Amino acid sequence: MPEDFSVTIGKLVDRLESKNDGIRSMGYFYNFARSLYTGYLDSLKNSGKKIVGVFCNFVPEELIFAAGAFPLRLCSGFGSTVQRAEQIMPANFCPMIKSSYGQMLEDAAPFRASDVIVLPTTCDGKKKLGELMSDYKPTWVLEVPHTNETTHARALWLSSVNTFKKEIQKLTGRKITAKSLRQSIELCNRKRAAVRRLYDVRKRQMVPIWGRDVMLVTNMSSFDEPVRYIAQVEELCNELEAKQTSVSNGQRLLLTGSPIMFPALKIAMVLEDSGGIIVTDDICTGAKTFHDPVMPAHWTMDDMLVALADKYLMNTCPCFTPNAARLIRLQQLAQEYRVQGMIYYILQACHTYNIEAHNIQKAFKAMGIPVLKIETDYGEQDVGQLKVRMEAFGEMLQGQLE
Ligand code: SF4
Ligand code: SF4
């Protein structure tokens with residue numbers, strides 16, 4: 001029998017809380033995480049709002065809020081549902097996709113709560129997942145182009161965003177007005193700014209918070225009500241900006257690669273238990289979501305839609321080819337956060353991230369920044385081996401400094 005989701009979350013959060021260096025404002029996020037499967041997600045279903053279950057970083061949440069609905073991320077990080085999905089999906093397949101499908105098969109709370117499921121056409125797994133899920137709930141395909149560098153791709157994507165706007169209006173029966181869209185763009189921009197402030201605080205030599213705690217905070221943005229979330233992130237930033245102690249003197253690390261879906265924080269836990277500290281990342285559930293604000297030229301409906309489409313198309317998802325912007329972003333992060341090493345994390349069978357590793361490792365080698373590439377899944381069986389590799393990597397980085 002699979003482990004209860006709330007038990008898995010409870011164990012993780014207890015571990016985080018026991019080592020959090022006394023950061024009082026993290027209490028909200030720990031308790032919020034604990035509440036997800038003990039009533040919060042079911043309460044969303046009974047909120048009277050339409051719940052839009054989303055995958056990936058391509059679904060413009062501004063349109064969902066502007067139509068009076070609520071976006072809920074369905075990408076799952078539970079290892080317990082992987083096996084169930086393997087009855088239908090190949091075993092050698094992305095654990096995040098298998099875990100999400102397994103959650104759907106179990107009619108788990110996020111899926112139960114969703115009125116509709118939105119799947120962007122990114123990697124092969126996501127494309128096919130939509131077909132399997134359409135038997136369960138209405139499933140919308142959001143067509144993402146293969147490149148973000150051509151005029152044609154930009155026009156195609158703008159048309160996808162326009163179609164999504166129409167679908168969401170139909171679902172809620174509420175017209176998105178220029179006023180409601182402006183309000184929701186401003187709200188989501190405030191959320192991004194609050195999280196960027198949380199990242200900025202780790203540019204200091206003295207790093208006041210563990211990267212794994214930040215990863216929990218960024219993951220919770222996929223579930224929480226935005227006004228409350230912004231207030232709590234700002235309170236956390238106030239505390240961290242005043243904090244005069246560092247959680248670690250370990251090597252400053254940049255984490256890149258496949259998404260880290262709550263509660264699958266294994267890589268962040270092992271990394272920081274092995275002597276390093278994550279000071280920044282370009283992970284889909286981390287910094288990547290919060291990089292750029294939506295900046296319309298004017299607050300007209302047309303300009304807002306163009307700006308929205310452009311912002312989401314700036315995603316450095318490896319499903320784009322070419323994806324040169326990702327390397328540029330990583331190089332900027334490495335400089336801004338003065339990183340000493342990079343961890344390149346790949347979820348099992350995530351070919352797009354795996355293949356991009358080649359050029360990125362080469363470029364980082366030229367910059368004199370060592371890279372440790374790791375491929376893993378949601379299981380715990382390789383934790384000991386990962387720890388050994390990370391400790392050896394840390395010693396090598398230390399040796400370079402001496
Ligand atoms: S990397 Fe791309 S496909 Fe994977 S979760 Fe992020 S947006 Fe989706
Ligand atoms: S981790 Fe890789 S394989 Fe899995 S959904 Fe994201 S891009 Fe696809």
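Reply: Val54 has Val118 of β3 as its bridge partner. This is a predicted model, in which local features need pLDDT of at least 70 and side-chain atom pairs count only at pLDDT 80 or more, while totals for chains, interfaces and linings use all residues. As for labels, residues are numbered from 1 along each chain as its sequence is written, with chains lettered from A and ligands numbered from 1 in the order in which they are written.

Strand β1 (residues 51-54) and strand β3 (residues 116-120) run parallel and are joined by three bridges; strands and helices here are DSSP runs numbered from the N terminus (E, at least two residues, for strands; H or I, at least four, for helices). Two strands count as paired if DSSP finds at least two bridges between them. Both strands belong to an open, four-stranded sheet with parallel pairing, in the order β2-β1-β3-β4. At its edges sit β2 (70-73) and β4 (139-142), each pairing on one side only. From one strand to the next, the twist averages 30°.

What lies across β3 and β4? That is α8, running at about 155° to β3. Contact here means C-beta atoms, placed from the backbone, within 7 Å, and angles run from 0 to 180 degrees between N-to-C directions of axes fitted to C-alpha atoms, for helices over the stretch in contact.

Now follow α8 to a ligand. Along with α6 (95-105) and α16 (351-367), α8 (124-133) gives two or more residues to the shell around ligand 2. A residue is in such a shell if its C-beta atom, placed from the backbone, lies within 6 Å of the molecule. Around ligand 2 you will find, among others, Cys94, Cys123, Lys126, Pro259 and Cys350. The shell of ligand 2 divides into eight nonpolar, three polar and one charged residue, where Ala, Val, Leu, Ile, Met, Phe, Trp, Tyr, Cys and Pro count as nonpolar, Asp, Glu, Lys and Arg as charged, and the others, Gly among them, as polar.

Methods
Two residues are in contact if their C-beta atoms, placed from the backbone, lie within 7 Å.
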